Amino acid sequence: MSERKTIDFFINGEPAVAYDGETVIQAARRAGVDIPHFCWHPELSVPGNCRICMVEVEQEKGDPWFDIGCNMPVTAGMRVLTESETVKKLRRDTMQFITLNHPVDCGICSKSGECTLQDYHYEHNGRPSLSIDRKNHATKFYPLSDRIMLDNERCIMCTRCVRFTHEVSQSKALAAVHRGDQALIRPAEDANFNTDAYSDNVIDICPVGALLSRKDLSNARVWYTESTPSVCPGCARGCTIDIWHRKASWKFTALDPQLNTRIERVTPRETPEVNGPWICNKARDLSALLERPRAMEALVAGRPVPTPEAVVQAAALLAGAQRPLVLVSSWASNEELAAFQSAFGERLGRSLTAVVKADHQPQPGEVEEDAILIVADKNPNTRGAMALFPAWDGTIPPATDLVVVWGEGGMAAALPAGLPVIRMSGYAASDNAEAAVFLPLSIQIERDGSYTNIDGVVNSFRGYLTKAPAVLHAIDLFPSLAAAQPPVLTGRAS
Amino acid sequence: MTLPAQVGTGRKFFMNFPVTADSHTLAAYRGRGGYQALAKVLSTGMAPTDVTKEVTASGILGHGGAAFPAGRKWGVVKLDDGEPHYVCMNADEGEPGTFKDRWLLEHVPHMCLEGLILASYALKGRHAFIYIRGEFDLPWRRMRDAIEEAYAAGLLGENIQGSGFSLDVVLYRGAGSYVCGEASAMLASLEGKKGWPRNRPPRLTVKGLYQRPTVVNNVETLANVPIIIAEGAEAFRKVGTAKSPGTQMISISGHIARPGVYEVEYGYSWERFLYEDCGGMQGGKALKCVIPGGVSTKILSAEELKGVTLDHNSALAAGSQVGSGGMIAIAEGTCMVRLARVIQRFYHHESCGQCTPCREGMGWMERVLDRIVRGQGRPEDIDRLYHISTANDGTTICSLGDSAGYAVTAILDHYREEFEYYIANGRSMHDGTLTVTDPFAESLARWHAAHPGALSPTLAAGAH
């Protein structure tokens, strides 16, 4: 990378360094000074409309100069004050304006608890409204799309959502209409927000509770939930995400226990080299992918058996096979792949062949590929698996006398009839009962691990659920499978 | 074209010919010496920088309201940066009380156009734009016809008069937004976007229309350019005062006996203009105050007007501005509380809704004023109005919010006791109806008597 020119200046009397072309708000952020902002977003253009980021610039002589920090280029030696009395007063006044027509209905607002406006009110204003006149009323619960609803009364017209659809998702599906305090965010007439595969990001970037997910609306208060860092398995991009679930300290005791373990929502976790601060709607709907019916017990010839017994049977089949073929899962974590390689290291390449198969294919109606994040390979760790094993060409070598299918995919129809099959997977499927032995595996949210994404970036995820006792962690399973010994069953592994 | 002698309100650049049914045409304009400035520039091969130099030397101040030196604005544009440059004529005259550009567009459209061509020549523009107020029907038709005439006469288009200079003009009608008269909002509207003003930096002369260097000038400013070029900066400077050379088109309305459009030489006595040229107040009432140049300028009371002359320095010294030349005379007996509310209703209606202080503040101020007028005012409301105005001052993207603050606080400064009275008593100090007479009624009756069977003077003049 070429060296960027730097500029020395001062923030609140402390020397700071800005890169050439940076604005005050950007340079201040890197210097650890937080200038409040609603409309400014690091990934979007600068509209300068919220006016909360006013800063003071001391002048050599004469009155200081006030302007918005988000649109102010840093110049050499400039002395910026972000906490002077005048700046604080300007912020207080701006907060009065912003909350003037805002309903302040935090008690029933789903954004409450993670709302920028709420935070700034306590930090920069702290006074009730000075107005004694009625507030403007506007549309409540306006459906912007099948996924997102808009509360125009809560909206502060920062236009982050409009700029997002123009600059990031390219759908140009939102616009501002009308003037003055009657201005509204509305869908653009010649676009369709429903087909915007990234539409839900506007919920995260909305600094107030105006844009909310219709799916997650009023599901859980923010303070009852916590997030676990994870990686989206929806495609080979491997976007880093936070999976939100109920806090252990706030578990329901009387209601459906599913409520305590379900995925409340998925939000992006910013990783500049992978997904920036964005994720696509498939990641938001991760519960549809991860919360499918699980395979909860081991099967031998379609009959449920205790898991250790099934493992012994499978190990015996493997030990007896002359030319077994293993179809390795592209949903397996790097740790599981390594455990497989070390367990079967002696046989690999000699009597045992391991090839990587694609567990998932693009579904009808899904965006297959685009220029933003989504890639055509719908498996999270193809690159990690291919680093160790070659790709499966879809054929079964003639001498093969046993097929081990690890993960989903590798349909029974694709395998020669009469060939014994061992299946290992986390999800219920009709193929499971047709296998000679079926072993239930844990899924991503039950274990720690890492995926290597399409660009070779390794991102790790953490498990937050405890697996069922009959379900196996693959890394526990492989040593016993290779050594023909019963597995050591643990509640939580790696 | 020669500079006229001092008559009436001073020398006149524009209103120096009898308006007839075809006095706006190319032939009539040529007969008055029109397009000689353009011919001079093109035939003598005057360099673009020389045109800018002449305009700078003339000291002409922008006539849109801000009085920014036009030459300095042109001088910022780098002529050899290889980028296209655009010149836009701001004909989106929307300031309440201002209708002087309308007169120019209706009666001297070719003069405005010649100014635009000269400005484009000076700034090496290939395309120029005229953003005309959507409600202007006759001015639009006149300008449209003028452009067609100019194309037919070879004054526009490819290789104008064989000089190698080419220019195309786009006439664009606005859609009725006040804020689109603000230069950057106007450019956004021209680009087909919502008419929202843009943050500076970058300046429009660096990144304007389509992100290219753009100069936006008021109609009257551009209409002055042919005079400056034809007569020279030195001759132009001799008109008006040293700091405000030239003339100012003034549109006066309100409780004045003879409202209308006047051309006044800078330095002319303000009181003389009101009491002699405009015939004083209707019904012989006393003058209470004037809004000097559009409602965005601070009002001046009758006492403050004493000795003030119509030029930028004198108006500034008196605490206001010449502004856009849209003068409104207000007679004694007018309720200033209700006047402030009418003004604020306008700003509330026209706030574009982009930036916070103006979007919310305009409505807030109107609601406070509304409440006072309903008789439910509270003593702290006056401070609240001041507070909202100061919170808007310098904190917004464009100056609409500031202007509203200036307008309302100026009225509060001058007539605070009327607000206090209204709040304390729930009624206005001036409850009596203001007797006004239609100043045209009498002359119209006379005209009809002289022209039996005719529809109206404007129809007869071919205006429709």
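Leaving aside its neighbours within four places in sequence, B:Cys88 is in contact with B:Phe129, B:Tyr131, B:Met186, B:Leu187, B:Leu209, B:Thr214 and B:Val216. Two residues are in contact if their C-beta atoms, placed from the backbone, lie within 7 Å. Residues are numbered from 1 along each chain as its sequence is written, with chains lettered from A and ligands numbered from 1 in the order in which they are written. Because the model is predicted, local features need pLDDT of at least 70 and side-chain atom pairs count only at pLDDT 80 or more, while totals for chains, interfaces and linings use all residues.

A residue is buried if 20 or more other C-beta atoms lie within 10 Å of its own, exposed if 12 or fewer, and partly exposed in between, with C-beta atoms placed from the backbone. Helices (H or I, at least four residues) and strands (E, at least two) are DSSP runs, numbered from the N terminus.

**Two helices of chain B**

Now select helix 5 (residues 100-107) and helix 9 (residues 219-231) of chain B, which pack at an angle of about 45° with their axes 9 Å apart. Axes are lines fitted to C-alpha atoms, for helices over the stretch in contact, and angles run from 0 to 180 degrees between N-to-C directions. The angle makes helix 5 of chain B oblique to helix 9 of chain B; angles under 35 degrees count as roughly parallel, over 145 as roughly antiparallel, 65 to 115 as roughly perpendicular and the rest as oblique.

At this contact, B:Lys100, B:Asp101, B:Leu104 and B:Leu105 of helix 5 meet B:Val219, B:Glu220 and B:Ala223 of helix 9. Seven of the eight residues of helix 5 of chain B are buried, so this helix is largely enclosed by the rest of the structure. Among the buried residues are B:Trp103 and B:His107.

**A residue in helix 2 of chain B**

Select B:Gln36, found in helix 2 (residues 36-43) of chain B. B:Gln36 is partly exposed, with 15 other C-beta atoms within 10 Å.

**A residue in chain A**

Move to A:Val177, which lies in strand 8 (residues 174-177) of chain A. A:Val177 is partly exposed, with 14 other C-beta atoms within 10 Å. Not counting residues up to four places away in sequence, A:Val177 touches A:Leu184 and A:Arg186. The C-alpha atoms of A:Val177 and A:Cys239, 62 residues apart along the chain, are separated by 34 Å.

**The whole of chain B**

Finally, display chain B, which has 18 helices and eleven strands. Of the 464 residues of chain B, 53% count as buried. The C-alpha atoms of chain B fill a box of roughly 75 × 55 × 40 Å, taken along the principal axes.
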